[in-house]
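Trainee: Please take a close look at the ligand site in this model. I would like one connected account of the pocket and the contacts.

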Amino acid sequence: MTIEARKIRLLMQLRRAGITDTAVLSAMESIPRELFTPPAFQDQAYELMALPIGRGQTLSAPDVVAMMTQALECKGRETVLEIGTGSGYQAAILSRVCRRVYTIERHRPLLEEAEERFKQLRLHNITTYCGDGSKGWPEPRSFPRIIVTCAAVFPPEPLLEQLAEDGIMVLPVGGQGRTQDLVKLRKTASGVEQESLAAVRFVPLVAGEANGEGSGEGRESG
Ligand code: SAH
């Protein structure tokens, strides 16, 4: 099967799985997922499965990426903060459905590979930072949308603080080595509303020092 045929099959599977947001579907169509997987896994790039990306980390399955992106309800003008850049695939999808993406990764080498891919695809609206994303963006800022792609037992407090009022945060909540709950939080004037979307399995959010030399700097991709 050609890559094109696999991609069409994936898009049909996503529709069947309830992905109806056309901006999300067209982002999934236009971003080449095979560019974000190690060469040995390129044949599986359009399968409904998570793939290893090195350093014990994984690129989420495409249906999970699509579901999380759709849950953010982006209309094209939002600024999104992502915690856990990994391969950069989720950030690349987001860059097509919102105005600007800020993304934080604690593994410097993974972040550098992701930055290369953003350059190659000419995605100029992604700003990267190497550090501990559980502390939020390093400058005081408020984000209308936040997505976390690693699991924490509780939503990190600094992220709740950086979420704008009426903002939406999507994140896996739960401990390591067990199924987690994919949760959608909405910050309202009277508190935080919570909705459960699915059972998922993500690598853990690791708080503390970033891993890699010269960490703690931001970089603009455009
Ligand atoms: N969104 C990614 C999925 C990456 S897996 C993709 O599309 O490929 C989760 C990532 O979260 C891993 O790369 C891991 O290193 C990173 N991570 C874990 N804890 C973190 C933290 N405290 N701050 C930033 N990144 C973190």
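Predicted model: local features only at pLDDT ≥ 70, side-chain atom pairs only at ≥ 80, totals over all residues.

Mentor: A pocket here is an open set of points on a 1 Å grid over the protein atoms alone, where a 1.4 Å probe fits, with protein on both sides within 12 Å along at least five of seven lines. Residues are numbered from 1 along each chain as its sequence is written, and side-chain values use heavy atoms, with hydrogens and water left out.

The volume of the largest pocket is about 540 Å³, taken as the space filled by probe spheres set on the grid points, which are joined across faces, edges and corners. Its lining (residues with an atom within 4 Å of a point) comprises 37 residues, and Q57, T58, T149, C150 and V203 lie nearest the centre. By class, that lining has 18 nonpolar, 14 polar and five charged residues. With three residues, β2 gives the most to the lining; strands are DSSP runs of E, at least two residues, and helices are runs of H or I, at least four, numbered from the N terminus.

Around the ligand itself there are 27 residues, of which S87, E105, D132, G133 and V206 come nearest; a residue counts as near if one of its heavy atoms lies within 4 Å. This shell divides into ten nonpolar, 13 polar and four charged residues.

Polar contacts are pairs of N or O atoms within 3.5 Å. The side chain of S87 has an N or O atom 2.7 Å from an oxygen atom of the ligand. For D132, a polar side-chain atom is 2.8 Å from a ligand nitrogen atom. V206 instead uses a backbone N or O atom, 2.7 Å from a nitrogen atom of the ligand. On its own the ligand has 580 Å² of accessible area (Shrake-Rupley method, 1.4 Å probe), and the protein covers 99% of that area.

Technical notes
Polar contact = N/O pair within 3.5 Å; in protein donor to acceptor, adjacent residues only side chain to side chain. Nonpolar A, V, L, I, M, F, W, Y, C, P; charged D, E, K, R; others polar.
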